[in-house]
Amino acid sequence: MNELWLKTRLQLELLGQKDELAAYQSSVKPCLSATIADLPIMAIDLEMTGLDPHNDQIISIGIVPIEHGAIPLSKALQVMVTIDGSEGQSAAVHGIIDNHLTEALSLTQAMAWLLAQTQGSILLAHHAPMDISFIQSHLEKVYKRSIKLPFIDTLAIEKQRLLRQHDVLQEGSLRLDACRKRYGLPTYYGHDALTDALACAELFVAQIASIGDSKTMKAAQFISI
C-alpha cells in the first residue's frame with residue numbers, strides 16, 4: 001500500500017514539470033519498487049547556521065552512499081557552502097569558522113552538486129525531516145519552485161523499534177550516538193557533516209540487519225515523502 005501511495009504522490013509532483021527537479025524526481029521512481037538490498041541510498045548530513053530552514057543557511061553537506069548493504073568510503077564526499085554574512089555562534093556547535101568557507105561552493109553550485117551526486121538514490125538521514133526541509137528550502141531558492149523528496153529516517157526507524165519495547169522513551173535515547181550504541185557501533189567524536197553522514201549510514205545498515213533479510217524487505221515500507 002505504501003509503495004502505491006508513494007508512486008502516486010511522486011507522479012502528481014511530476015505533472016507538467018520538465019526541469020532539473022523533475023528529472024531528479026523521475027530518477028528515484030524505480031527505487032520505490034526495490035528491495036532494501038537493491039536500493040541505492042545516499043546518507044546525508046547538513047551543518048547549518050541554525051534550525052530554521054527558511055531563514056538559516058546550509059554551511060556544509062556530507063554524503064555517504066550505501067550500495068547493496070555496503071558503504072564504499074571512497075565515494076564519501078563533503079562540500080562547504082558559502083553563506084550570507086558570518087556563521088557566528090553556530091561555529092561552537094559544528095566547528096566551522098568563516099575562513100573555512102573561502103573556497104566553498106555558491107548555493108547554486110552546491111544545490112546542483114547535490115542533485116547530481118544523489119540522483120537516482122533515496123536520501124537517508126537521522127531526524128531526516130530537518131535535513132530534508134533545509135534541502136527543499138534551498139532548492140526552492142535556486143530553482144524557484146518547491147519539490148517533495150522521498151527519504152528514510154533512521155530516527156523514525158529506531159523510535160518505532162523502541163516503542164515496541166517500552167511505553168516511554170528516555171530523554172536522549174533517540175540521539176544518533178545513543179542509537180548507535182545499542183547496536184555496538186563506536187562513538188565518533190568529530191562533529192562534521194561527513195562524519196555524521198557516515199554514522200547515519202552505519203546505523204541504518206545495523207538497523208536493517210536487526211530487522212530481517214534485506215533481500216526480501218521492500219524499500220517502500222521505510223520511505224516517506
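**Close-up 1. Lining of the second largest pocket in a predicted model.** Helix α6 gives the largest share of the lining of the second largest pocket, 4 residues. A pocket is an open set of points on a 1 Å grid over the protein atoms alone, where a 1.4 Å probe fits, with protein on both sides within 12 Å along at least five of seven lines; lining residues have an atom within 4 Å of a point. The pocket holds about 260 Å³ of space. Of its 16 lining residues, Ala 156, Ile 157, Gln 160, Gln 221 and Phe 222 are the closest to the centre. Two or more lining residues come from each of β5 (151-153), α6 (154-163) and α8 (193-211). Helices (H or I, at least four residues) and strands (E, at least two) are DSSP runs numbered from the N terminus. By class, the lining has 8 nonpolar, 5 polar and 3 charged residues.

**Close-up 2. Packing of helix α4 on helix α5.** Helix α4 (residues 107-118) packs against helix α5 (residues 128-143) at an angle of about 115°, and their axes are 10 Å apart. Axes are lines fitted to C-alpha atoms over the stretch in contact, and angles run from 0 to 180 degrees between N-to-C directions. Contact means heavy atoms within 4.5 Å. On the α4 side, the contact includes Met 111 and Leu 115; on the α5 side, it includes Ile 135 and Leu 139. The residues of this contact divide into 9 nonpolar, 2 polar and 1 charged.

**Notes.** Residues are numbered from 1 along each chain as its sequence is written. In this predicted model, local features need pLDDT of at least 70 and side-chain atom pairs count only at pLDDT 80 or more, while totals for chains, interfaces and linings use all residues, and side-chain values use heavy atoms, with hydrogens and water left out.

How values were computed:
Grid points are joined across faces, edges and corners, and a volume is the space filled by probe spheres set on the points. Ala, Val, Leu, Ile, Met, Phe, Trp, Tyr, Cys and Pro count as nonpolar, Asp, Glu, Lys and Arg as charged, and the others, Gly among them, as polar.
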